[in-house]
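My entries follow in the order in which I looked.

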Amino acid sequence: MTAETHTYDVVVVGAGGAGLRAAIEAHEQGARVAIVCKSLLGKAHTVMAEGGMAAAMANVWPEDNWRVHFRDTMRGGKMLNQWRMAQIHAQEAPDRVWELEEWGAVFDRTPDGKILQRDFGGHRYARLAHVGDRTGLELIRTLQNRVVAKKLDVFMECTVQRLLTAPDPATGGERVAGVFAYWRETGTFVRFDAPAVVLATGGIGKSWQVTSNSWEYTGDGQALALRAGAALMDMEFVQFHPTGMVWPPSVRGILVTEGVRGDGGVLRNTEGRRFMFDYIPEVFAADTADTEEEADRWYTDKKTARRPPELLPRDEVARAINSEVKAGRGTPHGGVYLDIASRRDPETIRRRLPSMYHQFKELADVDITKEPMEVGPTCHYVMGGIKVDPESQATTLPGLYAAGECAAGLHGSNRLGGNSLSDLVVFGRRAGAGAAAYATALAATDRPAPDETQIAETTARALAPFERAATGGDTENPYQLQSDLQAVMQSLVGIIRTERELTQALKEIGELRQRAERVAVEGHRQYNPGWHLALDLRSMLLVAECVATAALARRESRGGHTRDDYPGTDPVFARINHVVRLRDGAVDLAAEPLPEMPPELTSLFDPPPSDVPPQPADAEKTQTPPETPPVAGTNNERNA
Amino acid sequence: MGYDLAMRVWRGDAEGGELRDFTVEVEEGMVVLDAVHRLQATQANDLAVRWNCKAGKCGSCSAEVNGKPRLMCMTRLNLFAPSETITITPLRTFPVVRDLVTDVAFNYEKAEEVPTFAPGRPTGEDGHHRMQQVDVDRVQEFRKCIECFMCQNVCHVIRDHEDKKRVFAGPRLMIRYAELEMHPLDTNDRRDLLRAEAGIGYCNITKCCTDVCPEHIKITDNGIIPLKERVADASFDPIAALGRRLRPSRAGRSAPRTSQITTSQITTSQIGSADPAGTPSADPAGTPSADPAGTPSADPAGTPSVDPAGTPAGPGLVEP
């Protein structure tokens, strides 16, 4: 059977912020580019991002610069980040924000007409460029319009089933040869021959019950990469955002932006106490206010007041909420109160947080200008992902690149709010450039030819659920399997973990994988969600196993990985990343040492960051940052 | 608190279909999309429905609920009496793909016709743009659009007249034009295109689009009517037309639209065609520009050939 075939230099899988930015860059570098995405253009999960994108533009606080942003990112990730990615990200984020403005984005403004920046957890200065609380929509619409203007080819509602590979004469191993996909609308297959592929498929959160993630977040990119021979890293680190909606049940998990706290909102238990003051960890104590008076003063006086504890990194806040609820001080629906009504006037709340106002009003009958919200942790983001080279975003498989949430390294063990949108555009651009350079350097005679047997195998596997339905017998329903997987991940691989539970989770995931072999779907191939879920399950189950395997191996608590049986950090684990690969179909885990940070960057942490004095107040003229030696490989010294 | 909800859901494809009756167990706090998902998981595994965020942010799950276009994820079941039957049908203006999923390609095709954003030169001493919040408030209102296409669905011009889809872009695209036309930095002039290809004259201001907008964008009052005024100014104001004839070139107008006046006050005299001098000199990505978006096509004659009747002129218009 010959499938519909297209030929490109670079195929980008995913049309969120990272995918669109990668495609634009690859196009500008002269490559022929296709974007293949699971949903309609402009609907990707990026639209859900609310608070803003972090970039040390120093528009609000002239003291800010990339070094401070770098340091905040590393400390937020508990130093497990790939330092070079954190450095590139901090250095290039401002240019990517200004570039979006050049492409039509309309950010909120400062009084002098610059891009306004807002406060967020873990960021020393107000650093998030934003548009109210719908920054992700602004980002994706801007990139979408750019893609339309550039007339790039977009294959919408087209889901990739396999990365095609072919022998690589250069390495003796395999290399990318294209992707094989199906059209949702017709259920027919389509093949893209391309020497370079950028994966920008996002996260994995749909494997948990309480999640802020959409149906698309099934770990497709991570699973495609693994199966093609690439490696994943840091998969044990899953971020539970501290503030998701908890009521009514059908909206449980929907995100409540950190911007609520950045704009003055506070967390209280049912006793009315601002309990975050009871959960300030030692490492952040010097930077965090210890009285309500100081915390409240910080919003207007960052010189003498320290940050409110509500703005600690997300892992700290999520654990604190979890503890309060467990201690019996939670709300009737199992959350805590997030109160901005008593702290800001209704007009300000509606202007700064329009989507939140709307969301609570429509979905929960709560007027957030009059009463507190009920919130609790929700599965939000995976810090781990496909292992990539910091400069080019190349994976360990030649021709394969990855960017955005599906890639690993920037965020270490915990991501700071606002660092995700900037991650998308900084590393999306680099992945696009990397893929274009790789593809265009190949001689015309050296382009890999996809392997027909891979295509035949994938076709047969994808259609098997229909055949099982036809033959009958002992079959499984895909919706039931997904629901069972979500129950396992929620209860056994959630915010707090133990060896016993993780071992149990691996056993149950194994059983689910057996059952998935018997999944059957009714109906036909045209726009059939049951079939699509049956195919997505294969990715979800593999990625779930990787998370549980890595979580079991990390016998310490760090960032987005909390072990009840190993509650502290461990200096041995502080020096390693967990890398997983597939060997003969089995998940194989190895510990790899962290790359060593050069002295000019380690010096930023010595003396400890909290002791670094703020710059002079009349900072209009002090665009010059602290005198630190130039950093090797720096290609953006805008703030320097 | 749960109860049995009676639902009628349209099932079928381009060849035809019918309303089917289902009973689904639902609970307090659920939205219509939850009920559809439960139906899908328990009784109709292959029921086609498009959705993504389930939080009113992506605009994917538009359908007609009891005949009214709604985002299914933002429609609480408690809007209806428990005894009431809820009827769900696909958006009527677009061709059905299957069940509740329609082919919305029309909207994407129309979007390709919109000349892109073309900013003037940055005015800040640091090389970056300056805009006042008061000047971007209106643009930000339009950019709240989540592309649910419900305004397109209720627009009489395209809902009731299939042939008008060729000549009228619809409210969603009018808002896209408005957002660009009122952008303080933009230098393109899309008024002739609005009048001709986009067919703004077909809108007869019934405001049905505004009524259904889930983002509460005042599509007609703040978007379409001001655009109509601008188009009328461009096409039918004899003094402005004479001015355009007499002035050989607007290359001297280097600054982007001033930030001192609100967008609604901008009149014809302040809006010109694209300004070659005002375009960014380099692509911010640092690549040599083979970039049509960044470089307005030079007008060889240097004279905009607009006649008083407003025949499409196009000089200086930046094509996407």
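**Entry 1: the mixed sheet of chain A**

In chain A I find four strands that form an open sheet in the order 1-10-9-8, with mixed pairing; I count strands as paired if DSSP finds at least two bridges between them, and I take helices (H or I, at least four residues) and strands (E, at least two) as DSSP runs numbered from the N terminus. The edges are strand 1 (4–7) and strand 8 (158–167) of chain A, each of which pairs on one side only. Neighbouring strands of this sheet are turned against each other by 25 degrees on average, direction ignored, where axes are lines fitted to C-alpha atoms, for helices over the stretch in contact, and angles run from 0 to 180 degrees between N-to-C directions.

I note that the model is predicted, that local features need pLDDT of at least 70 and side-chain atom pairs count only at pLDDT 80 or more, while totals for chains, interfaces and linings use all residues. Residues are numbered from 1 along each chain as its sequence is written, and chains are lettered from A and ligands numbered from 1 in the order in which they are written.

Strand 1 of chain A runs parallel to strand 10 (residues 189–193) of chain A, joined to it by four bridges, and I find Phe192(A) as the bridge partner of His6(A). Helix 13 (residues 452–471) of chain A packs on the sheet and touches strand 8, strand 9 (174–183) and strand 10 of chain A; contact here is between residues whose C-beta atoms, placed from the backbone, lie within 7 Å. The direction of helix 13 makes about 150 degrees with that of strand 8 of chain A.

**Entry 2: the parallel sheet of chain A**

I then looked up an open sheet of five strands in chain A, ordered 7-3-2-11-18, in which the pairing is parallel. Strand 7 (153–155) and strand 18 (400–402) of chain A each have a single partner strand, so one side of each is left without a neighbour in the sheet. From one strand to the next the twist averages 20 degrees. Strand 11 (residues 196–199) and strand 18 of chain A pair over three bridges in the parallel sense, with Leu199(A) opposite Ala402(A). Helix 12 (residues 419–441) of chain A lies across strand 2 (10–13), strand 11 and strand 18 of chain A, at about 165 degrees to strand 11 of chain A.

**Entry 3: the nonpolar core**

Which residues touch the most other members of the largest nonpolar core? They are Val10(A), Val36(A) and Val198(A), in a core of 271 residues, a core being a set of buried Ala, Val, Leu, Ile, Met, Phe, Trp, Tyr and Cys residues joined through C-beta atoms within 7 Å. Buried stands for 20 or more other C-beta atoms within 10 Å of a residue's own, exposed for 12 or fewer and partly exposed for values in between, with C-beta atoms placed from the backbone. Helix 16 (residues 529–553) of chain A gives the most to this core, with 15 residues. Beyond its neighbours within four places in sequence, Val10(A) has contacts that include Ala26(A), Val33(A), Val198(A) and Ala439(A).

**Entry 4: chain B and its side towards chain A**

Chain B has ten helices and seven strands, and buried residues make up 51% of its 320 residues. I find 53 residues of chain B in contact with 50 residues of chain A. Helix 3 of chain B gives the most to the side that touches chain A, with five residues.

Nine of the eleven residues of helix 1 of chain B are buried, so this helix is largely enclosed by the rest of the structure. Its buried residues are covered by elements including helix 16 of chain A and strand 1 (3–13) of chain B. Thr42(B) is also found in helix 1 of chain B, but Thr42(B) is partly exposed, with 14 other C-beta atoms within 10 Å.

**Entry 5: a hairpin in chain B**

Strand 3 (residues 62–65) and strand 4 (residues 68–71) of chain B run antiparallel and are joined by four bridges, with Leu71(B) as the bridge partner of Ser62(B). These strands form a hairpin with two residues between them, and Asn66(B) in the turn has a positive phi of about 50 degrees.

Definitions and conventions:
Two residues are in contact if their C-beta atoms, placed from the backbone, lie within 7 Å.
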